[in-house]
Amino acid sequence: MEDSCDIAIIGAGMAGASLAASLVGSGVGRGAGQGADEPSVVLLEAEDAPGYHATGRSAAFWEETYGGPEIFPLTAASGPFLRDGGFLTQRGVLYIGRQRDKGAIDAFIGQFRALGARIERLGRDRLATLVPGLRPEWVLGTWSEACADIDVAALHAHFLAEARAGGARLRTRARLVAARREAGEWRLALADGETVRARVIVNAAGAWADEVARMAGARPIGIAPLRRTVVQLRCQPPAPADLPLVLDIGGTFYFKPENGRLWLSPHDETPSPACDAAPDEIDVALAVERLEQAVDWNVEAVERKWAGLRSFAPDRAPVYGFDPRVPGFFWCAGQGGFGIQTSPAAADMAASMLLGRDPVGPGRGVDPAPFSAARF
């Protein structure tokens, strides 16, 4: 059996789903029943269901400074869409440090205030109020009330529904095994023996992005999958429901409450092959150890543990745009740990690059140049 479309998106996680939704909002994806001259979109997902890997394993927060200054424009531009759509629940974020971290705290405040972030400097008394049981050596901090939890499942489902409503087709268990370009179009071979013909392919394959590039004859960028561990703890006293997201300014842990439990990460970035990631017991133990260095709570049980792969380009900025050497090959990869919180603006920006038009939604005003695939 052979399917055909104008644009085939490899991967239906948050990156692929949000891009498909943005494309159909511009007319792309309305091919079925809308006239032969209108383009169409197919999402090719290797797993049984979309969102199985990085999307389904996120710590689920929107934090405007997370990812660094290069990511800030995409995160800030995505905020109104996420708030207006009901995908955010107010949380607030607290970065904490010891006296030796004063330089890092000062640099953090100066850097992000210059970009427009509203950040308040805190001392020990306020820190102790916001985080009961915080150990006395943690004396410096910053506070921003803008941070919020993201309903990742609802956001992903929204993008998939928007894509389907516009005519985009989702195919699961559709793992790409080969890609060949001939006579101005791609012929994509799937693991089940079926083929798809497409004018353009979009590489939204996450940890598998370089593998997809090789199949298509494109030069791999060096998208590196890094394992990130999260554990769910039962603590005594229980994690307060109004506890903010708390991050070490030195990048060694973060935690936040979740339904009476605590979600905690050691902020690990362990190189990994592209795979169905699983947590390492050493990283679980390290997470608990770092929490105990920050607060005097008693950890009663590790109730759940999981890991996901965050994929980074060499310069840690995401990659959007047509490959400079391979016609019809478009990159939508390297979203790291900020792909969900930036997805509305990033998808709109990427759709505009793909279609050769100005952004029409959250991506308006975001400069695409720092994210161009041509920079490599």
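1. Helices here are DSSP runs of H or I with at least four residues, strands are E runs of at least two, and both are numbered from the N terminus. This is a predicted model, so local features need pLDDT of at least 70 and side-chain atom pairs count only at pLDDT 80 or more, while totals for chains, interfaces and linings use all residues. Residues are numbered from 1 along each chain as its sequence is written, and side-chain values use heavy atoms, with hydrogens and water left out.

2. How covered is α1? Mostly: 11 of its 11 residues are buried, where buried means under 20% relative accessible area, exposed over 50% and partly exposed in between (1.4 Å probe, protein chains only). Among them are Met14, Ser18, Leu19 and Val24.

3. Now α1 (residues 14-24) against α5. The two pack at an angle of about 40°, with their axes 8 Å apart. That makes α1 oblique to α5, since angles under 35 degrees count as roughly parallel, over 145 as roughly antiparallel, 65 to 115 as roughly perpendicular and the rest as oblique. Axes are lines fitted to C-alpha atoms, for helices over the stretch in contact, and angles run from 0 to 180 degrees between N-to-C directions. The α1/α5 crossing is left-handed, meaning that the near helix is turned anticlockwise from the far one by less than a right angle; clockwise would be right-handed. On the α1 side, the residues that meet α5 include Met14, Ala17 and Ala21, and their α5 partners include Leu155, Phe159 and Ala163. Contact means heavy atoms within 4.5 Å.

4. The α1 and α8 pair: their axes come within 8 Å and cross at roughly 60°. That makes α1 oblique to α8, and this crossing is right-handed. Met14, Ser18, Leu19, Ser22 and Leu23 in α1 meet α8 residues including Ser343, Ala347 and Leu354.

5. Ser343 and Ser18 are 325 residues apart in sequence, yet 6.4 Å apart in space, C-alpha to C-alpha.

6. On to α2 (residues 72-84): 13 residues, reaching 19 Å from first C-alpha to last, close to the 18 Å expected at 1.5 Å a residue. That expectation is 1.5 Å times one less than the number of residues. The helix bends by about 30° at Ser78, and a proline, Pro80, follows within four residues; the bend is the angle between axes fitted to the seven residues ending there and the seven starting there. Phe72, Leu74, Thr75, Ser78, Gly79 and Leu82 are buried in α2. The buried residues of α2 pack against β3 (61-62), β4 (88-90), α3 (102-113), α5 (152-165) and α8 (343-355). Just after α2, Gly86 takes a positive phi of about 80°.

7. Val202 lies in β12 and counts as buried at 1% relative accessibility. Leaving aside neighbours within four places in sequence, Val202 is in contact with Ile7, Ala8, Ile9, Ile10, Leu19, Phe330, Cys332 and Leu354. Val202 and Ile282 are 80 residues apart in sequence and 37 Å apart in space, C-alpha to C-alpha. Thr142, in strand β7 (residues 140-144), is buried too, at 2% relative accessibility. Its contacts, again without residues up to four places away in sequence, include Val93, Tyr95, Phe108 and Glu120.

8. Finally, some backbone geometry to check by eye. A cis peptide bond joins Gln236 and Pro237, with omega about 0°; Pro237 is in the loop between β13 (224-236) and β14 (245-248). Ala60 is not a glycine but has a positive phi of about 65°; Ala60 is in the loop between β2 and β3 and is buried, with a relative accessible area of 12%. Asn259, also a residue other than glycine, has a positive phi near 55°. Its place is in the loop between β15 (254-258) and β16 (261-265), and at 74% relative accessibility Asn259 counts as exposed.
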